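Let's take a friendly walk through how two chains meet and what lies inside them. Have the viewer ready and follow along.

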Amino acid sequence: MNIGILVNEGPFTHQASDSAYMFAKAAIAKGHAVPRVFFYYDGVNNGNKLSEPQSDDRDLVKLWGRLADEHGVDLVVCVAAGLRRGIKDDVLAEGFRISGLGQLIEAGMGCDRLVTFGD
Amino acid sequence: MAEFEFETEGVVKKFMFLNRKAPYGTIYALEVLETVLISAAFDQEVALAFVDDGVYQIMKGCDTAATSGMKNFSKTYRALEGYDVEQLFVEKESMEARGLTEDDFIVDVQVVPASEMVALIAAQDVVISG
């Protein structure tokens, strides 16, 4: 099954991005495809390369990047939501790209399921 | 970076946007609305549901200049009709719990009980909440 993922929250004040990451890994491990993860609202903070969690904490920004590298997952940060929150090309972490909301709608149109993580 | 191309030619799906938060004070409602407009531009079959504090999004008389100074986008809900977005549902229980009636809304809506809202949500292809 093709599963698109929408991440609506940042990595630190909400469980959504941890859950989304673990869901994506589990889905891929079960043989499903996760062609695209779209980051919206505060979810755009998942793509901030300036984020430096303490060394004994998980680093979701890097984990997402590794997932993209290993499994070809397309990590898309919303341009409008990103601009509001200071997430632009100069701070964008490896594996992510910035694009428009059309990429979210296309994921909804093209995937068998679109799974939302957030409230 | 692995840019993915979806096959979306001629695809029309039922998208529902589930609004559960008050319009001002956070940016959820405005950012949902931006997604609604894009999905309409992609010619999808779009519905909006207002539940919990989301019912306040379409309430008459929101005046942000008098309070936070947040951008007032309330009139955008009125413009949705122009994008062929005409399915607007309000959950009856949420509306009544907040002392509101249909007359308090700036747009025409269908008021449905929670049991019916569940069925409406289940009938969608894609549900995006905010």
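## Buried area

Buried area is the accessible area, taken with a 1.4 Å probe, that two parts lose on being put together, summed over both. In this predicted model, the area buried between chain B and chain A is about 2,600 Å². Carbon and sulfur atoms give 61% of that area.

## Contacts across the interface

On the chain B side, 28 residues are in contact with 30 residues of chain A. The rule finds four salt bridges across this interface. One of them joins Arg84(A) to Glu34(B), with the closest N and O atoms 2.8 Å apart. Polar contacts between chain B and chain A come to 12 residue pairs, both residues being at pLDDT 80 or more.

Which elements of chain B supply at least two residues each to the side that touches chain A? They are α1 (28–41) and β5 (126–129). Of the elements, α1(B) gives the most, with eight residues. Sorted by class, this side of chain B has 15 nonpolar, six polar and seven charged residues.

## Nonpolar cores

The largest nonpolar core has 72 residues. Those with the most contacts inside this core are Ile5(A), Val37(A) and Trp64(A), together with Leu48(B), Ile58(B) and Tyr77(B). Here too α1(B) stands out, bringing the largest share of the core with seven residues.

A second, separate core has eight residues, among them Ala47(B), Val51(B), Phe89(B) and Val112(B).

Technical notes:
Residues are numbered from 1 along each chain as its sequence is written. Chains are lettered from A and ligands numbered from 1 in the order in which they are written. This is a predicted model: local features need pLDDT of at least 70, side-chain atom pairs count only at pLDDT 80 or more; totals for chains, interfaces and linings use all residues. Side-chain values use heavy atoms; hydrogens and water are left out. Contact means heavy atoms within 4.5 Å. A salt bridge is a side-chain nitrogen of Lys or Arg within 4 Å of a carboxyl oxygen of Asp or Glu. A polar contact is a pair of N or O atoms within 3.5 Å; within protein, one must be able to donate a hydrogen and the other to accept it, and residues adjacent in sequence count only if both atoms are side-chain atoms. Helices (H or I, at least four residues) and strands (E, at least two) are DSSP runs, numbered from the N terminus. Ala, Val, Leu, Ile, Met, Phe, Trp, Tyr, Cys and Pro count as nonpolar, Asp, Glu, Lys and Arg as charged, and the others, Gly among them, as polar. A nonpolar core is a set of buried Ala, Val, Leu, Ile, Met, Phe, Trp, Tyr and Cys residues joined through side-chain atoms within 4.5 Å. Buried means under 20% relative accessible area, exposed over 50%, partly exposed in between (1.4 Å probe, protein chains only).
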